[in-house]
Amino acid sequence: MTALSDTWALTVRDLLRLWRQPWFIAIVLVQPVIWLLLFGELFQRVVDIPGFEGGDYKQYLVPGVLVMTAFFSSGWNGMTTIEDLERGVTDRLLVTPTRRWPLIVGRLGQNAVQALIQSLVIIAMALAIGVSFDGGPLGVVALVLAAILLGTAFAALSNALALVARQEESLIGAVTFLQLPLTFLSTAFMQEALIPGWVATVADYNPVNWAIVAGREAVQSNPDWGTVAGYCGLLAVFALVCTMLATRAFRAYQAQV
Amino acid sequence: MIEASALKKDYGEVRALDGITFAVEPGTIFGLLGPNGAGKSTTVKVLTTLARPDSGEARVAEHDVLREPAEVRRSIGVVAQRSGVDRDLTGRENVKLQGHLQGMRGRELDRRVDELLEQFGLAEAGHRVARTYSGGMQRRLDVAIGLVHRPQVLFLDEPTTGLDPEVRAAMWQEIGRLKADEGLTILLTTHYMEEADNLASHVAIVDRGTIVAEGSPAELKASLHGDAVHVELEGANVNGNVEAALRGVPGLGEVLVEGRALHARVEDGARAVPAVLAALDAHSVPVATVTVGRPSLDDVYLRYAGRSFAEADKTKEEDE
């Protein structure tokens with residue numbers, strides 16, 4: 001109970017910090033809209049490729065952009081941890097009686113709220129440009145859930161790396177190294193039937209793709225809920241493992257202070 | 001209240017703690033005094049459960065730091081050398097979050113936060129984000145954060161480093177008051193001799209990871225009999241010229257020359273100074289200033305660490 005309450009207090013702290021950076025908020029909200037509109041325009045003729053199912057690329061694109069947005073912004077979650085390390089805040093928190101995991105999960109809570117708000121902006125924008133979510137409200141919830149689970153996993157990894165590397169440069173390097181390959185080794189922009197076989201194989205093991213497949217399945221008419229639940233379960237396990245890893249990373253950090 | 005016994009810790013090749021042992025009585029201020037890099041902060045990190053020693057044991061507020069870290073954490077307040085203030089939160093939010101993590105809730109917490117902000121002169125500034133605070137205000141906020149849960153033991157790691165002299169004096173007053181009014185046991189680390197002299201009833205001098213001398217400031221100074229003479233030379237010591245000059249001076253104890261500074265202990269300062277000056281003059285060593293006085297903690301350090309405090313501090317900074 002205490003640990004949960006600590007987690008929430010730490011989530012609120014991170015949200016307050018975010019709230020006090022209006023420029024950051026603006027970027028966080030505007031960027032996904034730009035992705036959606038830009039990619040929607042840029043690739044609109046993709047639907048003309050023989051073998052592409054469905055007539056509207058924007059309709060296809062929305063789940064991909066929504067998942068990509070959560071994935072991208074979550075990668076930077078560890079930057080706050082590096083800032084805390086540099087400012088001595090981490091050391092202060094580590095000598096309070098709170099458990100180690102709320103220090104990580106509190107931050108993941110902030111990340112989840114951020115991903116949720118970004119998702120809502122994208123969904124609103126998608127509705128505005130005529131995209132329909134045929135799976136109904138439950139489908140939309142499942143899509144957002146998949147994105148948040150994926151974001152949670154990568155935010156946890158970002159924090160683990162932050163605690164081990166303790167340098168902004170290392171984190172920036174790792175995040176930029178992973179972001180685009182993992183995004184493009186997926187069905188975010190192109191249907192599985194049209195991507196090279198090896199990419200499809202890699203995509204099967206790519207958590208980013210798990211979230212996209214689950215989300216896309218959930219928002220189409222007559223979703224196969226088994227597929228959605230299967231991938232969401234996989235993502236939940238992945239997120240849990242990453243969170244445990246990040247909590248363990250405090251030991252690595254404390255061995256060196 | 002604090003017992004450290006044979007604490008050792010290496011960071012890779014560097015030996016940070018080389019068998020530190022000391023005990024702190026309840027309700028007293030204990031000063032760990034030493035230059036940068038002597039091992040003071042590492043000692044604090046071990047005693048506050050942040051770092052683990054390679055060997056040795058420690059108990060704080062009757063709890064073992066290795067076996068009962070949670071109990072230790074509930075009993076201690078920590079003001080680390082680096083401020084731990086979250087600069088994006090207000091002063092009030094900072095104190096409140098800390099209180100929450102220490103298990104305080106609701107009205108009890110609110111009242112305590114008000115009380116501390118008032119006590120540390122931050123009542124007005126409490127609603128502003130800490131980024132806008134001066135160095136002194138941030139330091140006071142650090143102390144308020146450390147005290148929120150009414151700890152039995154307070155660790156102050158270099159609490160006044162980098163503060164203006166007036167702010168430092170105010171902080172000293174506050175620290176003295178905490179001991180007197182609230183009966184706190186305080187472990188203070190400092191590399192300011194006068195800070196330890198002013199605040200601590202018991203001082204341990206730390207050098208290269210061990211305690212080289214320990215006692216009340218008065219005892220430590222009394223352990224050096226005679227007077228201390230400090231001479232600042234016009235130029236650097238060339239070819240041991242200075243040592244040669246002083247060899248024949250009667251009543252001269254230990255002599256140490258570091259760059260342009262000459263430190264010596266003498267039986268009787270008033271009698272020794274003319275002789276020292278005459279000897280230096282005879283060897284054509286020009287003198288800029290001479291001071292003579294009762295030994296200070298500086299001289300105690302010089303005696304036990306074999307080098308002057310300023311010099312040890314400087315070497316360390318160059319290392320880093």
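Predicted model: local features only at pLDDT ≥ 70, side-chain atom pairs only at ≥ 80, totals over all residues.
I'll start with chain A. The pair to look at is helix α3, residues 57–75, and helix α7, residues 136–165. Two packed helices are described by the angle between their axes and the distance between the axes. Here the angle is about 25°, and the axes are 8 Å apart. Angles under 35 degrees count as roughly parallel, so α3(A) is roughly parallel to α7(A). The crossing of these two helices is right-handed.

Which residues of α3(A) make the contact? They are Pro63(A), Leu66(A), Val67(A), Ala70(A), Phe71(A), Ser74(A) and Gly75(A). From α7(A), the contributors include Leu143(A), Ile148(A), Leu150(A), Gly151(A), Phe154(A) and Ser158(A). Sorted by class, the residues of this contact are twelve nonpolar and four polar, with no charged ones.

Now chain B. Its secondary structure amounts to twelve helices and 14 strands. The C-alpha trace spans about 75 × 45 × 35 Å along its principal axes. Of the 320 residues in chain B, 46% are buried. If you take contacts in chain B between residues at least 6 apart in sequence, 69% of them join residues at least 24 apart.

One sheet in this chain is worth a look on your screen. Strands of a sheet pair through backbone hydrogen bonds, either parallel or antiparallel. This one is an open sheet of four strands in chain B, ordered β12-β13-β11-β14, and the pairing is antiparallel. Its edge strands are β12 (252–258) and β14 (287–293), each pairing on one side only. Neighbouring strands are turned against each other by 15° on average, direction ignored.

Inside that order, β11(B), residues 227–233, pairs with β13(B), residues 261–266, over six bridges.

Last, the two chains together. How many residues of chain B are in contact with chain A? There are 25, and they meet 20 residues of chain A. On the chain B side, α2 (69–75) and α3 (91–101) each supply at least two residues. The largest share, five residues, comes from α3(B). By class, the side of chain B that touches chain A has nine nonpolar, eight polar and eight charged residues. In the α3(A) and α7(A) contact, by comparison, there were no charged residues.

Note on methods
Residues numbered from 1 in each chain as written. Chains lettered and ligands numbered in written order. Axes fitted to C-alpha atoms, helices over the stretch in contact; angles between N-to-C directions. Parallel < 35°, antiparallel > 145°, perpendicular 65-115°, else oblique. Left-handed = near helix turned anticlockwise from the far one by under 90°. Contact = placed C-beta atoms within 7 Å. Nonpolar A, V, L, I, M, F, W, Y, C, P; charged D, E, K, R; others polar. Pairing = 2+ DSSP bridges. Buried ≥ 20, exposed ≤ 12 C-beta atoms within 10 Å, placed from the backbone.
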